[in-house]
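Q: I would like to learn how to read pockets, salt bridges and backbone angles in a model. Could you take me through them, one feature at a time?

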Amino acid sequence: MERNAGLDIVRSTAILLVLFCHGLGFFFMKYYDFNPINYVAGYLAVELFFVLSGFLIGRILLQDIVESGSFSGLKNFYLRRWFRTLPLYYFAVVTTYLFFNQHMDATNLIFLQNFNEQDLSFLPISWSLSIEEWFYLLIPLPLHFVGKFRNKRLAFFVITSLFVIIPLILRMVEVSHSQPVWDYGVRKQIPLRLDSLVFGVILAGIKTYYSGIYRKYIAGKVSLLLTLVGLTYFGGYLVYTGIQDQTMDHSWFNRTLLFSFVSLFIAMLIAFMEVHIQRMDHFPKIWTVFRFISSQSYGYYLFHWNIYVWFSRENTTNSIGHSLYLLMFSLIMLISFTYLMHRYYEVPMMKLRDPMTKKRKRAYPAGGGL
């Protein structure tokens, strides 16, 4: 299976930003006042995961469900997704309950914990996975019916556009009527955030149906410049100043359209990386590092929080050196533990799905964003 270096870099960057963000929070917060840069890094990391996951899953949906229009493709998709994501997640849930937090609600087992802040506190990082799992559950069925239309291309873009427009409208209605806070009230609510992943699905559709436009314009150098400016302003400046000035919870734009703009620019960035950095043959060692981090990223995401919690308990001194030592040791433990879990648990679990599903060659890894 051929991997795409650009996509490996995107996924690796996302998980490294997560580890950086939470690492600063757990081990160095006592040495400085809250820095919005920390929050910007975490925010952009998850948005990268969302759009990348939508792009990768979109390619699978187009190939196995939209173009084939068969029910078996739908069944295979669900089996492959659940074998990919659920075993490792439930392992994280069990270990969290046994060693870290016994206050677990059943909602954590069916990805509904985002609707209750107390339930979400059991394993806080699971909020983004909940959104992804509901995306996996909801988006394939309407796309399955796209295969029944004579003009599949038009039907595909109509349906995916609705999945972008409806969450945006819901955000506008929610903000206007309930005045929710930006983070928990909007950012982490499943019905309000599915569009971030659908931006990736639409990008996959453009690559499939309009490959010339995809390569020349969306993945072009002019688009890259626009992307960098857009992400710097919408994903960086607005989030930074909003957190610093404590205006995020009161800004209509930041709680509604901001998410759409950031997802759009990230989709353009992914297109550029996918087209222009397909391989890194001149830097094989660097590519090896990116491939390794990318392949382990889901485990890093699921396990880093509890490992940080465990070692931050020892951070009882006022020594920056001691805090750095604990962070580095936490990362060593995380990398080692995730590698063992990937090799002896995650990979064998994924191999179990192959006899139950039709195996197809793909242009790049079929894994989700995490």
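A: Rolling a probe the size of a water molecule over the atoms shows where empty space is left. Here the second largest pocket holds about 520 Å³ of space. A pocket is an open set of points on a 1 Å grid over the protein atoms alone, where a 1.4 Å probe fits, with protein on both sides within 12 Å along at least five of seven lines; lining residues have an atom within 4 Å of a point. Grid points are joined across faces, edges and corners, and the volume is the space filled by probe spheres set on the points.
This is a predicted model, where local features need pLDDT of at least 70, side-chain atom pairs count only at pLDDT 80 or more, and totals for chains, interfaces and linings use all residues. Residues are numbered from 1 along each chain as its sequence is written, and side-chain values use heavy atoms, with hydrogens and water left out.

Q: Which helices each supply at least two residues of the lining of the second largest pocket?

A: Those helices are α1 (5-27), α2 (36-66), α4 (117-120), α8 (182-187) and α13 (284-312). Helix α1 gives the largest share of this lining, five residues. Helices here are DSSP runs of H or I with at least four residues, numbered from the N terminus.

Q: What is the make-up of that lining by class?

A: The lining of the second largest pocket has 14 nonpolar residues, five polar and four charged. In this scheme Ala, Val, Leu, Ile, Met, Phe, Trp, Tyr, Cys and Pro count as nonpolar, Asp, Glu, Lys and Arg as charged, and the others, Gly among them, as polar.

Q: Now for charge pairs: how many salt bridges does a search of the whole structure find?

A: The general idea comes first. Side chains of opposite charge can pair when their charged atoms come close. The search of the whole structure finds nine salt bridges, each a side-chain nitrogen of Lys or Arg within 4 Å of a carboxyl oxygen of Asp or Glu.
One of them joins R187 and D183, with 2.9 Å from N to O. R187 and D183 are about one helical turn apart, because they sit four residues from each other in helix α8. Buried means under 20% relative accessible area, exposed over 50%, and partly exposed in between (1.4 Å probe, protein chains only).

Q: Are D8 and R3, the partners in another salt bridge, buried or partly exposed?

A: The side chains of D8 and R3 meet at 2.7 Å, N to O. D8 is buried, at 1% relative accessibility, whereas R3 is partly exposed at 22%.
R279 and D281 also form a salt bridge, their closest N and O atoms being 3.1 Å apart. R279 is partly exposed at 43%, and D281 is partly exposed at 49%.

Q: What does K207 touch?

A: Not counting residues up to four places away in sequence, K207 touches F55, R59, Y214 and E274, where contact means heavy atoms within 4.5 Å. K207 lies in helix α9 (residues 190-209) and is buried at 19% relative accessibility. The side chains of K207 and E274 are joined by a polar contact of 3.3 Å. A polar contact is a pair of N or O atoms within 3.5 Å; within protein, one must be able to donate a hydrogen and the other to accept it, and residues adjacent in sequence count only if both atoms are side-chain atoms.

Q: Where does Q179 lie, and what is its phi?

A: Most residues other than glycine have a negative phi, and most peptide bonds are trans. Q179 has a positive phi, near 50 degrees, and lies in the loop between α7 (152-178) and α8. Q179 is partly exposed at 47%.
Q246, which is not a glycine, also has a positive phi, of about 60 degrees. Q246 is in the loop between α11 (221-244) and α12 (257-276), and is exposed, with a relative accessible area of 65%.
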